[in-house]
Amino acid sequence: MIDEMSCLLSFLKSTVGQKIMMSVTGVILFGFVVGHMLGNLLVFKGPDALNAYAEFLHAKPAMLWGARIVLLSSLLIHVGAALALAQLAREARPVGYARHEMIATNFAARTMRQGGIIILLFVGYHLLHLTFGVVGPEHMQEDVYRNVVSGFQSPIISGVYILAMLALGLHLFHGLWSLFQTLGLNHPRYNNLRRCFSAATALAICAGNIAIPVAILSGYIS
């Protein structure tokens with residue numbers, strides 16, 4: 001039993017193990033991003049729809065806190081695996097490449113670290129803004145629709161949100177590309193398909209999220 005645990009820990013600390021942990025937690029976080037976007041898009045249906053959705057979530061505290069614990073754990077593991085992989089890469093090649101080859105995800109890959117930092121900072125701000133209501137306009141716990149609309153009426157808040165969503169889009173593009181590669185779907189026959197799928201998915205999520213502050217700033221939602 002001890003030997004099996006030792007082997008498991010050694011595997012998890014390896015490059016392959018860290019990539020698997022990143023992939024699994026990435027899928028969990030991706031599922032949350034999609035669900036969160038679909039819930040937020042209810043703002044286009046009006047205050048009754050969005051507030052009813054928020055009330056449904058808060059009416060099930062066990063489910064809500066269970067989801068939060070899973071998401072927080074996934075986020076910590078995801079970030080930890082990313083840092084561990086970066087360290088393993090530095091140890092494997094202490095001297096950088098003399099020349100970088102341009103590949104399909106080159107820009108997205110090179111900005112993963114910066115994008116990850118922007119996303120983490122945004123998540124913290126987003127929670128303080130729309131969950132806890134300690135920053136931004138006056139917060140009304142029972143009126144989520146009003147909080148969203150009044151918050152995004154500020155060009156600065158909307159600008160920060162849009163910037164974060166652009167970073168998220170790049171992060172998702174490279175993350176989905178890497179996920180398929182980890183699953184072994186790295187073949188010239190499939191590369192164009194997974195590139196298109198990764199780009200289309202990231203673009204759809206980015207556009208869906210950005211549509212909310214744009215609609216509020218333009219007065220379409222008020």
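Of the contacts in the protein between residues at least 6 apart in sequence, 70% join residues at least 24 apart. The model in which these contacts were computed is a predicted one. Its secondary structure consists of nine helices and zero strands, so that reading along the sequence gives the pattern α-α-α-α-α-α-α-α-α. Of the 222 residues in the protein, 31% are buried, and the accessible surface comes to about 13800 Å², with 70% of that area belonging to carbon and sulfur atoms.

The cysteines were considered next. The count of disulfides in the model comes to zero. Cys196 has a relative accessibility of 52% and therefore counts as exposed, the cut-off for that class being over 50%. Cys206, by contrast, has a relative accessible area of 11% and is buried, because this value falls under 20%.

Helix H2, which spans residues 15-40, takes part in a packing with helix H8, which spans residues 155-182; the axes of these two helices come within 10 Å and cross at roughly 135 degrees. The contact is made on the H2 side by Lys19, Ser23, Val27, Phe30 and Val33, and on the H8 side by Leu168, Leu172, Leu176, Leu179 and Thr182. In passing H8, H2 makes a left-handed crossing.

H2 also packs with helix H9, which covers residues 188-217, at an angle of about 35 degrees and with the two axes 10 Å apart. The crossing of H2 and H9 is likewise left-handed. From H2, the residues Phe30, Val33, Val34, Met37 and Asn40 meet Thr201, Ala204, Ile205, Gly208, Asn209 and Ile212 of H9.

The residues that make the contact are Pro47, Leu50, Asn51 and Ala54 of H3, together with Val144, Tyr145 and Val148 of H7.

Asn51 lies within helix H3, which runs over residues 47-58, and with a relative accessible area of 18% this residue is buried, because the value is under 20%. When residues up to four places away in sequence are not counted, Asn51 touches Glu142, Asp143, Val144 and Tyr145. Ala52 is also found in helix H3, but at 41% relative accessibility it counts as partly exposed. Between Ala52 and Glu142 there are 90 residues of separation in sequence, while their C-alpha atoms are 10.0 Å apart in space.

Ile216 is found in helix H9 and, at 4% relative accessibility, counts as buried. Leaving aside neighbours within four places in sequence, Ile216 is in contact with Val148, Val149, Phe152, Gln153 and Ile221. Ile216 and Pro155 are 61 residues apart in sequence, and the distance between them is 9.9 Å from C-alpha to C-alpha. Val148, one of the residues that Ile216 contacts, is also among the H7 residues that make the contact with H3.

Gln181 belongs to helix H8 and is partly exposed, with a relative accessible area of 38%. Apart from neighbours within four places in sequence, Gln181 is in contact with Asn186 and Arg194. Gln181 and Arg194 are separated by 13 residues in sequence and by 9.3 Å in space, C-alpha to C-alpha.

At the other end of the numbering, Phe11 lies in helix H1, which comprises residues 2-13. With a relative accessible area of 37%, Phe11 is partly exposed, as this value lies between the 20% and 50% limits. Once neighbours within four places in sequence are left aside, Phe11 is in contact with Val16, Gly17 and Ile20.

Conventions:
Residues are numbered from 1 along each chain as its sequence is written. This is a predicted model: local features need pLDDT of at least 70, side-chain atom pairs count only at pLDDT 80 or more; totals for chains, interfaces and linings use all residues. Side-chain values use heavy atoms; hydrogens and water are left out. Helices (H or I, at least four residues) and strands (E, at least two) are DSSP runs, numbered from the N terminus. Buried means under 20% relative accessible area, exposed over 50%, partly exposed in between (1.4 Å probe, protein chains only). Contact means heavy atoms within 4.5 Å. Accessible areas come from the Shrake-Rupley method with a 1.4 Å probe; for residues, only the protein chains shown count as cover. A disulfide is a pair of cysteine sulfur atoms within 2.5 Å. Axes are lines fitted to C-alpha atoms, for helices over the stretch in contact, and angles run from 0 to 180 degrees between N-to-C directions. A crossing is left-handed if the near helix is turned anticlockwise from the far one by less than a right angle, and right-handed if clockwise.
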